[in-house]
Amino acid sequence: MKVQPPKILRWLFLLLCPRERRAEIKGDFNEVYQTNFEDHGRFKANLSYLRNTLSLLNFEGYLRFVKLSNHIIMFRSTFKAKFRSIVRFKPSAIISLITLSIGAVTSGFLFYYISYESSYDEFHADSDQIYRVNSMAQNANGDQSVRAFVPMPAGPEIVSEFDEVIDFTRLQRISPTISYQNKVFEESRFFLTDNSFFDIFSFPIVKGNSVSALASPQTVVLTESMAKKYFGLADPMGEVIQINVKKSFSLNFTSKGFTVTGVVQDPPKNSHIQFDFLASISTLGDFKKDDWLGGIATYIKVKPDHNIPLINQKFSPLIRENLGPYLQGRFNMSFDDYLESGRDVSFAIQPITAIHTAADLDGQFEKGVNKSFLRVLISVGILIFILTTVNFFNISFANGLHRLKEIGVRKSLGAFKYQVFSLFLMESAVLGLFSVLMAALLVVITKPFFSLLQLELPLNFELSADFILAVVSSAFLICLFSGFFIAATLSTISPKEGLRGNVLRSHRGINLQKWLLGLQFFVAFITLMAAAVFQSQNDYLLKADLGFDEEKVLIVHQIEKVQSKEHQVLRNEWANLPEAKSISLSYHIPGGGFEMLEFSAQESEPLKWPVLVADEHFLQTYAISALYDGMSSEVAQLDSSEVLINESAMRELGYLEATEVLEKKLDFYGKTLTIKGVISDFHYENLYNQIAPLVLLSPLALPEPPLNPYKYASIRFSDISPEIVDQLEQGWNKVSPTTPFAFSYLKDDLSASYLSEQRLASMIKGATIVAILIAILGLTSMSQVIFRIKVKEIAMRKVLGASPAKLYELFVRQFFWPLSIAFLCALPLVVTFLGEWLSKFAYRISMGWQLLTLSGLGLILLALGILTVNALRAARQNPVEHIKVDH
Amino acid sequence: MSERISLGELEELILLTVGVLGNEAYSVSVREELEGRQNRTISLGALHTALYRLERKGHLDSKLGESTKKRGGKPKRFFSVTAQGQLALQQVRESRLSLWNDINPAAFSSIKVRK
């Protein structure tokens, strides 16, 4: 049998098919399915299979039951009535349908997204047994840092010393240039790892042997997409790819061939280890094998019945036993002296599933998701959910008031309370059914909106069953909750009250509704104020003074592809453009990554500072000012023993004036460097952190001058236009015709580092729109209810000579307290909640009262506007019509 | 004559089709035959229900037959009309015929009634 109907249909078949004759009936069904499949295709075959399956039911008996059952009749009439009211475009039904679906999609999406973000690394078969070993280090100044790595020998030592630990694997990330035949690519997701990698993690291997793929030196396992990139359709197994890396302290080779021993599936998106290549760490041989001060990401697998605190306790003796002899051997320093000097190091393990949502550590491979970001989203999701439920309740309740007489009649004809109850419950169920359909439709319509948010979700997430399930179940829960409350409220109305249609008697309900409306506005206030704060912090991040001029700077990438001797040619080529004001070649650029290198001033211990390698035009191009008068920022020519430091570095060295620190010496990998000047602090990383020390070097000063000293060219223009980019490209093609011209604008690169903030802001903005929309709709329906209740009162007052202003006040007064209390409750919540979020930025806006009250007032004004429209209608009515008519 | 055996219209059609098909009568072929001859589509499940009901009433007899790959290795159940079923069909046919024979041509002017 080649084709089979979908699982669900087969399941339905088993459910409905009589047991004793199942085999033959199944055979008949299969035969027909095959024939239909061949003649009409899968869809029609499925459809006819479904029809055939359903017809297995004994329809005669079933129909008899349906025709006679009172419940079914009642449900059918309710369904029909509700359905007709919706298709006849009854505004109130449509409004509640729309808000319900919007609310369901929004909260369903948020819940789905949150569950996705918390599902990181859970796909590993033993995810509860896998831990990463982190280290906490303290330097002599008392500065602490938590790192996602431990020394190279720690992993093997832990496994041999700790009974609880079964296995370990280490991961070192490098960024090599890989060549195979005529293909050359820069790769950044390249890891050196132990052979045990596939024992610990569950990344399914497609080709090769997962037990021994990485056992021998110079072997590599690639992902399927890399196999395609380098080898196309050919079999990569056994081929040799050439790896070239920059000379660095963490590797003992610069160029080696690696044999492909396996192909692995691309890592799932919700893995915090994102790799393209896995190469055997045994390639390094004994390199750093005993270095107890270095660092490499280390993961361990523990026994199932493990005791975490116990493992954590055992680290301290392990460090003492191993680091002590190492310090003695290398620096002739005892472990006690080491502790005495204020330094300390300790290890702790972290569950792999917690890494993505925990704070980012130094040296972590991929940025995790911000915990407060998730917390904000969870609260927004819950708030929208409550809001929608309340709103659905309010609107349906208002509609229910129309039907007091109906309830009265039903009750006096002998309907029990539970019958009225189930009537209303069923009505909301019908509405719920439609809203689920509409929600599904909305998901499809809003697909582009979700992709706009640039969430790192699985690509086919719009259609994923989980997502649709989340939306559909929130829609259903909303209906269930609100339907229950409506039914409970309306079914208690006594027949007398109902028949008189005296809604004033059900005052309790109205009061409840008013406060529910207050709750809606509470949520709307919170989201609106939060959106305002997020937006202004974002604007601040994007517009803050960075200490350099980021406007009109264009970055050309891949300078390393141009031979060093051609650099001057390229520079001349570009310098001829009249708009180009200054050109600087550098290895690092602001907003990019920096390497930490070790410096030491006389009589002080090593300081790990980031370095920025650049040529003499860097300061001019970025408009960074120098603090020392004697130095011109036009040209900062540095030779192989000269450096510039920034203000923070100067302060860390213990000087306050630039003049004092000049000509001071720094030891740098056996060399002595002279401080030639001090530059003012600028934000070379991002605004999360305070500006840290920075050392500006010429490539000549590096311990081993690299072959390709520069990666980027930064060009400052007086004016940027597309023609200029063309001209730059022409210049580039003259020098390096084989490499494509790649460029970006500095400002775009910098704003990209705040992507998660922008994403948060856009999510909150979306949620705010939904919240305000729902609150406004709730207010509209509420004011209509009040109008209906007070219509006679207003008419009488009018007859007795009340002024329109007085009537207006009478109307609006109803809403004064709910709205003001909502505002007053929202304010402190927003201040504390967002204060926490803001505190992670070293540079942030102050949450002024203007911002919060202005956004709050805006919403109040909007609400007043809507009330005014309704109030005017009330004030302008013809009293005669309402006094004589008994509603 | 023994007591009357009631037979519905669909039941009658199914019994006749089983008779037409002879040794090859099982649910799928019966369905195809009904579709081809009578232009009447009946869903498989309903057909099963009807066939088993007729068997229970004693109008049909059945035995299990061979299976094919297309059927996923499941056997066919072949049906044949029992003596009682044949009698029932006979009765229906006779009662119809006697009515047709006595039709008043004046009442059925638009079709030609064969005498």
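Colleague: Is A:Ser271 buried or exposed, and what is its relative accessible area?

Modeller: Please note that this is a predicted model. A:Ser271 sits in the loop between β10 (255-264) and β11 of chain A. A residue counts as buried under 20% relative accessible area. A:Ser271 is therefore buried, its relative accessible area being 2%.

Colleague: Which residues does A:Ser271 touch, leaving out those up to four places away in sequence?

Modeller: Residues up to four places away in sequence are not counted here. With these set aside, A:Ser271 touches A:Tyr120, A:Asp121, A:Phe123 and A:Phe203.

Colleague: Is A:Ser188 buried or partly exposed?

Modeller: A:Ser188 also belongs to a loop, the one between β5 (183-186) and β6 of chain A. Its contacts, not counting residues up to four places away in sequence, are A:Arg173, A:Ile174 and A:Ser175. Buried means under 20% relative accessible area and exposed means over 50%. The relative accessibility of A:Ser188 is 38%, so A:Ser188 counts as partly exposed.

Colleague: What separates the C-alpha atoms of A:Ser188 and A:Asp266?

Modeller: Along the chain, A:Ser188 and A:Asp266 are 78 residues apart.

Colleague: Which residues of strand β11 of chain A point the way opposite to A:Phe277 and A:Ala279?

Modeller: In a regular strand, side chains alternate between the two faces of the sheet. Strand β11 of chain A covers residues 277-280, and all of them are buried. A:Phe277 and A:Ala279 point one way, and the other way point A:Leu278 and A:Ser280.

Colleague: Which strand runs parallel to β11(A), joined to it by four bridges?

Modeller: One bridge partner of a residue in β11(A) can be named: A:Thr193 is paired with A:Ser280. The strand joined to β11(A) by four bridges spans residues 190-193 of chain A and is β6.

Colleague: Which residue of β11(A) stands opposite A:Val221?

Modeller: Strand β8 (residues 219-223) of chain A pairs with β11(A) in the antiparallel sense, over three bridges. A:Val221 also stands opposite A:Gly262, but that residue is in β10(A). In β11(A), the residue opposite A:Val221 is A:Leu278.

Colleague: In what sense do β8(A) and β10(A) pair?

Modeller: β10(A) is mostly covered, with seven of its ten residues buried. Five bridges link β8(A) and β10(A), and the sense of the pairing is parallel.

Colleague: Which residue of β10(A) is the bridge partner of A:Gln242?

Modeller: Strand β9 (residues 240-244) of chain A pairs with β10(A) over five bridges in the antiparallel sense. Strand β7 (residues 205-208) of chain A is likewise antiparallel to β10(A), over three bridges, and there A:Ile205 has A:Val264 as its partner. For A:Gln242, the bridge partner in β10(A) is A:Gly257.

Colleague: What is the area buried between chain B and chain A?

Modeller: The size of an interface is often given as the accessible area lost when the parts come together. Here 22 residues of chain B are in contact with 20 residues of chain A. Carbon and sulfur atoms give 51% of the buried area, which is about 1800 Å².

Colleague: How many salt bridges does the rule find across the interface of chain B and chain A?

Modeller: The rule asks for a side-chain nitrogen of Lys or Arg within 4 Å of a carboxyl oxygen of Asp or Glu. B:Arg77 and A:Glu24 form one of them, with their closest N and O atoms 2.4 Å apart. Across the interface of chain B and chain A, the number of salt bridges is four.

Colleague: Which element gives the most residues to the side of chain B that touches chain A?

Modeller: The elements of chain B that give two or more residues to this side are α2 (27-38), α3 (44-57) and β2 (75-81). With eight residues, the element that gives the most is α3(B).

Colleague: What percentage of the 887 residues in chain A is buried?

Modeller: Chain A has 28 helices and 23 strands. Its C-alpha trace spans about 100 × 85 × 60 Å along the principal axes. Of the 887 residues in chain A, the buried ones make up 49%.

Definitions and conventions:
Residues numbered from 1 in each chain as written. Chains lettered and ligands numbered in written order. Predicted model: local features only at pLDDT ≥ 70, side-chain atom pairs only at ≥ 80, totals over all residues. Heavy atoms only, no water. Contact = heavy atoms within 4.5 Å. Buried area = accessible area lost by both parts, 1.4 Å probe. Buried < 20%, exposed > 50% of the residue type's maximum accessible area, 1.4 Å probe, protein only. Pairing = 2+ DSSP bridges.
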